[in-house]
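Let's take a friendly walk through a protein model, one neighbourhood at a time. Have the sequence and the 3D view ready as you read.

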Amino acid sequence: MEEDRGDLPNGEDDNDSDRDEDNRLVGWILHEDMDEDEEDEEVDDEQLLDAEAVEQDAPAERSGHIAVVDRNIMYVWGGYKNAENHGFFDLYLPRNEIWTYNMETKHIAGGSLHTSMSGSCGVCVDGVLYLFGGHHARGNTNKIYRLPLRTPSLVWEEMRDLKGLPPSSKDKLGCWVQKNRIIYFGGYGYAAQGAHRGTFEYDESSSLWDSPGRGWNNHIHILDLETSTWSQPITTGDTPSPRAAHACATVGNRGYVFGGRYKNYRLNDLYYLDLDTWEWHEMSVPQQGPVGRSWHSFTPVSPDHILLFGGFTTDRETLSDAWLYSVSKNEWKPFKHSHTESPRLWHTACAGPDGEVFAFGGCANNLLSHFCVYMIIYVCVCVCVCVILYVQRGF
């Protein structure tokens with residue numbers, strides 16, 4: 001499975017994409033408005049997982065999920081889990097299930113979220129969770145949903161009637177937030193239809209499990225939340241190569257991106273995009289700096305520092321190292337922590353209010369083995385604990 005290719009759940013690829021690179025249950029009851037054929041295709045997997053979820057007091061193991069923080073609460077949604085107990089299949093976590101950390105109340109939600117997914121891009125803006133893209137049982141999507149988090153009831157809304165040209169259908173992308181705008185970058189998915197700015201490159205090495213016609217891109221799309229409009233900026237400078245399963249971080253008016261997978265390489269390059277002038281800048285990474293990786297996290301922890309954690313190397317090693325990047329000094333320093341025996345990839349990481357970073361979920365083993373897809377159920381050990389990395393103020 002290659003990060004840049006589809007998602008692991010149905011064994012559809014070698015998802016590397018890169019290519020296709022505690023908590024309380026919040027149960028959702030959705031008002032279905034799916035097509036009948038769509039609903040029938042996914043109900044079996046979700047019923048199996050729903051039955052388990054109701055009994056649990058902690059979230060199921062998962063990879064490829066999203067996590068966002070609003071105020072002091074972390075929200076976790078989606079992804080997929082390895083299903084040893086249900087035969088030789090990986091299953092998407094139910095679309096009608098959300099977990100919160102630092103909360104003891106169960107919530108019921110409704111809405112129009114049509115399918116379970118992994119590899120989506122989730123971000124919280126002013127108390128609203130925005131969910132874009134992802135991979136589901138039938139491929140990629142470019143639908144976008146919003147979930148207000150500060151209302152008495154949680155209700156998903158599909159954002160329809162948006163103006164402008166939307167991004168192509170894809171997953172394993174990243175995003176930045178500035179001035180009530182969400183700015184999406186890169187990803188792995190289908191070729192864009194229409195006049196999209198940027199580069200798309202087909203994946204020439206897709207396996208028999210992969211959907212045809214997919215690849216990597218370095219497209220930038222802006223969603224203006226005030227005008228409900230999609231647009232693409234004209235950028236200048238040193239543009240990054242197409243990639244997926246990279247990690248993005250916003251610091252001031254800069255959108256940083258580190259690593260990711262492009263073709264057979266997992267990169268250790270660092271770029272930032274000036275979100276006012278739309279000029280790209282490539283920053284140097286020292287020889288003794290972090291190695292190339294995908295499926296990692298890159299989390300702002302102060303106005304001058306970003307924490308890099310975990311990921312997956314070109315040599316298919318799962319990482320547990322952490323690095324602090326200083327924005328003002330353009331300097332990398334190893335960050336010592338007590339969780340070096342908890343390597344992980346395709347996890348999530350969120351900054352807490354007191355200088356801590358909460359890393360949740362992910363997979364501890366090589367997801368890209370080219371042995372029989374069924375062997376994945378024996379080698380994929382998912383990590384479903386919160387690792388807390390305390391980042392001291394002052395650095």
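A polar contact is a pair of N or O atoms within 3.5 Å, and within protein one of the two must be able to donate a hydrogen and the other to accept it.

The mean pLDDT of the protein is 81, and 73% of its residues reach 70 or more. Where pLDDT is low, the predicted coordinates should not be read in detail.

## The loop between β26 and β27

Now find T313, which sits in the loop between β26 (305-312) and β27 (318-326). Is T313 buried or exposed? Its relative accessible area is 7%, and because buried means under 20%, T313 counts as buried. Here the opening definition comes in: a polar atom of the T313 side chain lies 3.0 Å from the backbone nitrogen of E317. Leaving out residues up to four places away in sequence, T313 touches R266, V291, G292 and L319.

R316 belongs to the loop between β26 and β27 too. Its phi is near 65°, a positive value in a residue other than glycine. With a relative accessible area of 28%, R316 is partly exposed.

Another loop, between β28 and β29 (348-351), holds W346. The phi of W346 is also positive, near 55°, and W346 is not a glycine. The relative accessible area of W346 is 8%, so this residue is buried.

## P334 at the end of a strand

P334 is found in strand β28, which covers residues 331-334. Its relative accessibility is 61%, so P334 counts as exposed. Apart from neighbours within four places in sequence, P334 is in contact with A322 and W323. Its C-alpha atom is 7.8 Å from that of D321, a residue 13 places away along the chain.

## Strands side by side

Strands of a sheet pair through backbone hydrogen bonds, either parallel or antiparallel. T236, for instance, has E279 in β24 as its bridge partner.

For an antiparallel example, look at β8 and strand β9 (residues 128-132), which pair over five bridges. Here C121 has F132 in β9 as its bridge partner. The hairpin of β8 and β9 has two residues between the strands, and D126 takes a positive phi near 50° in this hairpin. Four of the five residues of strand β8 (residues 121-125) are buried, so β8 is largely enclosed by the rest of the structure.

## Rings and charges

The model has 22 aromatic pairs. Two of them are set out below.

| Aromatic pair | Arrangement | Centre to centre | Angle between planes |
|---|---|---|---|
| Y188 and W216 | edge-to-face | 5.5 Å | 70° |
| Y325 and W332 | tilted | 5.0 Å | 45° |

Y188 lies in strand β16 (residues 181-190) and W216 in strand β18 (residues 214-224), so their pair ties together parts that are 28 residues apart in sequence. Both Y188 and W216 are buried. Y325 and W332 are buried as well. These last two also belong to a cluster in which ring pairs link Y256, F258, Y272, F298, Y325 and W332.

Charged groups meet rings here too. The charged end of R254 sits over the ring of Y272, 4.0 Å from its centre. The charged end of R214 sits over the ring of Y190, 5.8 Å from the ring's centre.

Note on methods: Residues numbered from 1 in each chain as written. Predicted model: local features only at pLDDT ≥ 70, side-chain atom pairs only at ≥ 80, totals over all residues. Heavy atoms only, no water. Buried < 20%, exposed > 50% of the residue type's maximum accessible area, 1.4 Å probe, protein only. Contact = heavy atoms within 4.5 Å. pLDDT = per-residue confidence, 0-100. Pairing = 2+ DSSP bridges. Phe/Tyr/Trp six-rings, centres within 6.5 Å; stacked < 30°, edge-to-face > 60°. Lys NZ or Arg CZ within 6 Å of the ring centre and 35° of its normal.
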